[in-house]
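Please find below a colleague's note on the model.

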Amino acid sequence: MPNLKYLGHSCFLLSANNIKIIFDPFLTGNPANIMQANEVNPNYILVSHAHGDHLGDGIEIAKRTGATAISTFEVANLFIEEGCNAHGMHLGGKYNFDFGSVKIVPAFHGSGVAGGHACGFVVDFFGTKIYFAGDTCLFGDMMLIGKLGIEYALIPIGDNFTMGPEDALSAVKLIHPKVVIPMHYNTWPLIAQDPKAFEEKINSFCTTKVEIMNPGDNLDIIF
């Protein structure tokens, strides 16, 4: 059964069948971190954009483990320039891997690299569709992402740099995931939020289940 482990901020470790994917591996310097960079051994590293709290320890981990980084072309090149394995993609593109597939979808946010674009991911992981939104504002085409059949949506609620709780509620209404997991909040006072209040709003408007994960929590993916 696939397992999702929350490592704080926007960092998650997804694993099943000896395949491990880490999303936005910000570990060193992450106030909410519960693991060190040398403790994770992924096969794949998915990076939504090159800001330090998302690219994080990605290059170090890739060098040590030989993991393949997956991101937009410009961010993938940051890995290639350091001698790492990387698979560059771009918005709208989809590619099959040994666990399923990755589709790159838009995220409206700075890229952290010249000429680049922030992104999100729709990952088909052994048959389960997981949407990792990355850092983004609310945008209407989330409705089209929802039409891909999202089962788990990992979305930011921290506000200031990304969607806040109210816009995240609107995002859930557009995506219609079976489960939503809030992320990118409470790492610093500037993005402090109450996830229970977010859960209550979701429960009053739709049938999507909210899973609030604290750093170190594990969640079995059951679909």
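**Notes on the fold**

1. Strands β1 and β2 pair in the antiparallel sense over four bridges; two strands count as paired if DSSP finds at least two bridges between them. Helices (H or I, at least four residues) and strands (E, at least two) are DSSP runs, numbered from the N terminus. Within this pair, Y6 has F12 of β2 as its bridge partner, and L4 stands opposite L14 in β2. The hairpin has five residues between the strands, and G8 takes a positive phi near 100° there.

2. On the basis of the model: it is predicted, local features need pLDDT of at least 70, side-chain atom pairs count only at pLDDT 80 or more, and totals for chains, interfaces and linings use all residues. Residues are numbered from 1 along each chain as its sequence is written, and side-chain values use heavy atoms, with hydrogens and water left out.

3. Strand β1 is also joined to β14 (residues 218-220), by three bridges in the antiparallel sense, with K5 opposite N218 of β14. From β1, N3 and K5 point one way and L4 and Y6 the other way, yet all are buried (under 20% relative accessible area; exposed is over 50% and partly exposed in between, with a 1.4 Å probe and protein chains only).

4. These strands belong to an open sheet of seven, in the order β6-β5-β4-β3-β2-β1-β14, with mixed pairing. β6 (85-89) and β14 stand at the edges with a single partner strand each, so one side of each has no neighbour in the sheet. On average, neighbouring strands of the sheet are turned by 20° against each other, direction ignored. Helix α3 (residues 73-81) lies across β5 (68-72) and β6 and runs at about 150° to β5. Axes are lines fitted to C-alpha atoms, for helices over the stretch in contact, and angles run from 0 to 180 degrees between N-to-C directions.

5. S10 is found in the loop between β1 (3-6) and β2 (12-16). Is S10 buried or exposed? S10 is buried, with a relative accessible area of 1%. Not counting residues up to four places away in sequence, S10 touches F23, D24, H54, F132, D135, M183 and H184, where contact means heavy atoms within 4.5 Å.

6. The largest nonpolar core has 30 residues, of which F12 and I21 touch the most other members. Such a core is a set of buried Ala, Val, Leu, Ile, Met, Phe, Trp, Tyr and Cys residues joined through side-chain atoms within 4.5 Å. Its largest share, four residues, comes from strand β9 (residues 119-125). Apart from this core lies another, of 22 residues, among them M142, I155, A168 and I202.

7. In helix α6 (residues 195-205), the buried residues are P195, F198, E199 and I202. Seen down the axis of α6, they fall within an arc of 100° and so line one face of the helix; the arc is that of the directions from the helix axis to the C-beta atoms. On the other side of α6, E200 and S204 are exposed. The cover over the buried residues of α6 includes β11 (152-156), α5 (165-175), β12 (179-183) and β13 (209-210).
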